[in-house]
Amino acid sequence: MDNVDLSSDVIKVNKDKCINCHRCISVCPVKYCNNASDIEEGIKINPDLCIACGECIKACSHNAREIMDDTEKFFKDLSSGVKITTLIAPAVDTNFPSELGNLLSWFKHMGVKRNLDVSIGAEITTYKYIELLKNKVKRPVISQSCPCVVNFIEIYKPDLIKYLAPINSPAINTAKWVH
């Protein structure tokens, strides 16, 4: 991992694995976040333009695109006594139907103080949308809790920001509730 481009906040390029096939660029919905102008340097990601959708990671058959991983920091914080609460998305139970109990038990065993279901935040989010509708908002509203869509609007379509619903995602609402 010594030769890794850490310029992106979320996604990095391992230059040792990248062969400049540009498959990652071909699937990127915002091509300009990838800079392939210098053959010697290889592809670089501009974090100010990347919306962190992950399409490049899925497309890279050389495993040269990687998600920034803070797993080591998580375990270091746990071992040093930092009080950690995990927020578990409902998709975990869907994707690993018989393993959720084991995961939660393991987190507790490792020192996690609380495990919370993000469905709590979904309830808060739903309530906030109902309140928005009751107040008869008079403009179009883009209802989207997907960070990639919000990032895209903020970076490439800032004129649409005023149409984003003023409501946080279920994960953010859960985090605020916990805090």
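User: What makes E66 and K17 a salt bridge?

Analyst: In this predicted model, the closest N and O atoms of E66 and K17 are 4.0 Å apart. The cut-off is a side-chain nitrogen of Lys or Arg within 4 Å of a carboxyl oxygen of Asp or Glu. The pair therefore counts as a salt bridge.

User: Why can the E66 and K17 pair be said to tie together parts of the chain that are apart in sequence?

Analyst: E66 lies in strand β5, whereas K17 lies in the loop between β2 and α1 (23-27), so the pair ties together parts that are 49 residues apart in sequence.

User: Is E66 buried or exposed, and how do you know?

Analyst: E66 has a relative accessible area of 16%. Buried means under 20%, so E66 is buried.

User: What about K17: what is it called, and why?

Analyst: K17 is partly exposed, with a relative accessible area of 39%. That class holds values between the buried limit of 20% and the exposed limit of 50%, so K17 belongs there.

User: How do you know that E66 and K12 meet in a salt bridge?

Analyst: The N to O distance between the side chains of E66 and K12 is 3.9 Å. The limit is 4 Å, so the pair qualifies as a salt bridge. This pair links distant parts of the chain: E66 is in strand β5 (residues 65-67) and K12 in strand β2 (residues 11-14), 54 residues apart. K12 is buried, its relative accessible area being 9%, against a limit of 20%.

User: How many salt bridges does the structure hold?

Analyst: The structure holds 7 salt bridges, including the one between E55 and K58.

User: What makes E55 and K58 a salt bridge, and where do they sit?

Analyst: The closest N and O atoms of E55 and K58 are 2.9 Å apart, within the 4 Å cut-off. Both residues are in helix α2 (residues 55-59); because they are 3 residues apart, about one helical turn separates them.

User: Why is K58 put in one accessibility class and E55 in another?

Analyst: K58 is at 64% relative accessibility. Exposed means over 50%, so K58 counts as exposed. E55 is at 31%, which falls between 20% and 50%, so E55 counts as partly exposed. Elsewhere, salt bridges that share partners join K12, K17 and E66 into one network.

User: How many disulfides does the structure hold?

Analyst: The structure holds 0 disulfides. C24 is in none, and the nearest cysteine sulfur, that of C18, is 6.1 Å away. A disulfide needs two cysteine sulfur atoms within 2.5 Å.

User: Are C24 and C50 buried or exposed?

Analyst: C24 has a relative accessible area of 8% and C50 one of 13%. Buried means under 20%, so C24 is buried and C50 is buried.

User: At what angle do helix α6 and helix α8 pack, and what is that arrangement called?

Analyst: Helix α6 (residues 119-134) and helix α8 (residues 170-178) pack at about 105°, with their axes 7 Å apart. Angles of 65 to 115 degrees count as roughly perpendicular, so α6 is roughly perpendicular to α8.

User: Which residues of α6 and α8 meet?

Analyst: I120, G121, A122, I124 and T125 in α6 meet P170, N173, T174 and W177 in α8. By class this contact has 5 nonpolar, 4 polar and no charged residues.

User: How do you know that L164 is buried?

Analyst: The relative accessible area of L164 is 14%, and the buried class lies under 20%. L164 is in the loop between α7 (147-156) and α8. Setting aside neighbours within four places in sequence, L164 contacts R139, I142, V150 and I153.

Terms used. Residues numbered from 1 in each chain as written. Predicted model: local features only at pLDDT ≥ 70, side-chain atom pairs only at ≥ 80, totals over all residues. Heavy atoms only, no water. Axes fitted to C-alpha atoms, helices over the stretch in contact; angles between N-to-C directions. Helix = DSSP H or I, 4+ residues; strand = E, 2+ residues; numbered from the N terminus. Parallel < 35°, antiparallel > 145°, perpendicular 65-115°, else oblique. Contact = heavy atoms within 4.5 Å. Nonpolar A, V, L, I, M, F, W, Y, C, P; charged D, E, K, R; others polar. Buried < 20%, exposed > 50% of the residue type's maximum accessible area, 1.4 Å probe, protein only.
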